[in-house]
Amino acid sequence: MIAPATMAKLHRALPFWLCLLLIPLIVFVATMGGWWLLFMPLSTWWLFSVIDHFAGLELENADLETSEDQLFWYRLITLIWPPLQIATIFGVIAYAVRADHLSGVELWGLSFGLGILCGTIGINYSHELMHQKPKHERWLGDILLACVLYSHFRSEHLLVHHRYVGTRRDPVTAHYNEGFHRFFPRVLRESFLSAWGAEKAMLARKGLPVWDGSNPFWRYLALQAGFLALALAIGGWVGLLMFLNQAFVAIWQLELTNYVEHYGLTRKHLGGGKYEHVQPRHSWNAAHKASNWLLINLQRHSDHHYKPDRRFPLLQNYTEAEAPQLPYGYPVMTAAAMVPPLWKRMMNQRVKRWRAMYYPEITEWQAYNKGLHPLPR
């Protein structure tokens, strides 16, 4: 019999376990095909947006003195997800390529659904795991990123993004008035180069060449090659194409989220290549309850950048006086980002108000931002 105290902890963590329902859902839609395939985007992007509307905001903060053992049920979901995701990807591919009822278009739609699963949940969980100290958690994060062929995200995120967020040295910070369709190809190119450059510089400081075995890019390459080979072995060329498509969809979702998180927000340059410390005001915050369940509090992004190693149940919410607020949760905002005129109508005035609130002394923002040169490659 489970102790009452344990049950209470499980009950509090239970909303974050809703993501597990996506696994039987994608298995179900694979067996059904047809219009049922729409249930994957509907269940993540739209269902949680509707629940957000009725559930409202979660403004309360967890006690920062909460011990690690009290977070067991929260941590467990991130630890069991990697094997579940791998089994789901390759199980669905193995079934789909042998199913007579699925056409080519339906196979594409099914792999699109896998990409939603891996982008919405998998990459998000890898982000949580890569920030933790235990080596096994960081390894699980690497495995999840390799599943979507985006392993360099770990190097870019930890060594570049968190250091240079809100500056032109960070490829992932979306510039003011930069539409997503311009941002996406730029960030695909620049984030890989910045990740490689950061690891190369770190090795050089140790007196090691870039081809040294400690360069994590070799681990990234091996893991990704292993998953590609597994997809080919299980599903042939069709299975490989499905795997590649789900990886692309997952990456697209990640970069949509990156685009939303820091759009138009700039840290002040102090001269000599130095910037002000990262503050909660340098990330967009969202307190929408249901989408924070789905995304394990990723929308409390202002606190994540302020305290990057803080586990997701302890991330703090900030008021409008402390951090800029998104009008809706990420599911709605990422959909809006796909339509640049709509996005700019929603967000540009908010950026201007943010600038006036925090940096009233800067009046010529276009000239100011042009003076912030990107990191040399």
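## Notebook: rings, spaces and a covered helix

I began with F184, which is buried at a relative accessible area of 11%. Buried means under 20% relative accessible area, exposed over 50%, and partly exposed in between, with a 1.4 Å probe and protein chains only. I note that this is a predicted model, in which local features need pLDDT of at least 70 and side-chain atom pairs count only at pLDDT 80 or more, while totals for chains, interfaces and linings use all residues. Residues are numbered from 1 along each chain as its sequence is written, and side-chain values use heavy atoms, with hydrogens and water left out.

**Entry 1**

(Helices are DSSP runs of H or I with at least four residues, strands are runs of E with at least two, and both are numbered from the N terminus.)

How many aromatic pairs does the structure hold? I find 30 of them. Rings of Phe, Tyr and Trp (its six-membered ring) pair if their centres lie within 6.5 Å; planes under 30 degrees apart are stacked, over 60 edge-to-face, and the rest tilted.

I checked Y176 and Y263: their ring centres are 6.4 Å apart and their planes stand at 35 degrees, so this pair is tilted. Y176 is in the loop between α7 (153-164) and α8 (180-205), and Y263 is in the loop between α9 (216-262) and β1 (269-271), so the pair ties together parts that are 87 residues apart in sequence. Y176 counts as partly exposed because its relative accessibility is 25%. Y263 is at 0% and therefore counts as buried.

I then went back to F180 and F184, whose ring centres are 5.4 Å apart with planes at 20 degrees, so that pair is stacked. One aromatic cluster takes in Y176, F180, F183, F184, F248, Y259, Y263 and W343.

**Entry 2: charges over rings**

Which charged end sits over the ring of Y176? I find that of R355, 4.5 Å from the ring centre. R219 lies over the face of W139, 5.3 Å from the ring centre. For this label, NZ of Lys or CZ of Arg must be within 6 Å of the ring centre and within 35 degrees of the ring normal.

**Entry 3: helix α12**

I looked up α12 (residues 330-337) and found that six of its eight residues are buried, so I list this helix as mostly covered because of the 20% limit above. The buried ones are Y330, P331, M333, T334, A336 and A337. Their cover includes α3 (39-55), α8, α9, α10, α11 and α13 (340-358).

**Entry 4: the cavity**

I counted one cavity of 30 Å³ or more. On a 1 Å grid over the protein atoms alone, a cavity is a set of points where a 1.4 Å probe fits but cannot get out; a pocket is an open set with protein on both sides within 12 Å along at least five of seven lines, and lining residues have an atom within 4 Å of a point. Points are joined across faces, edges and corners, and a volume is the space filled by probe spheres set on them.

The largest cavity has a volume of about 80 Å³. Its lining residues include N124, H127 and E128, as well as I296 and N297. Which helix gives the most to this lining? I find α5, with three residues.

I296 and N297 took a second look. I296 lies in the loop between α10 and α11, and N297 is found in that loop as well. Phi is near 40 degrees for I296 and near 65 degrees for N297, in each case a positive value in a residue other than glycine. I296 is buried, with a relative accessible area of 3%, and N297 counts as buried at 7%.

**Entry 5: the largest pocket**

I noted about 540 Å³ of space in the largest pocket. Of the 19 residues that line the largest pocket, the closest to its centre are R12, F16, A62, Y74 and P313. The largest share of this lining comes from α10, with three residues.

How values were computed. Contact means heavy atoms within 4.5 Å.
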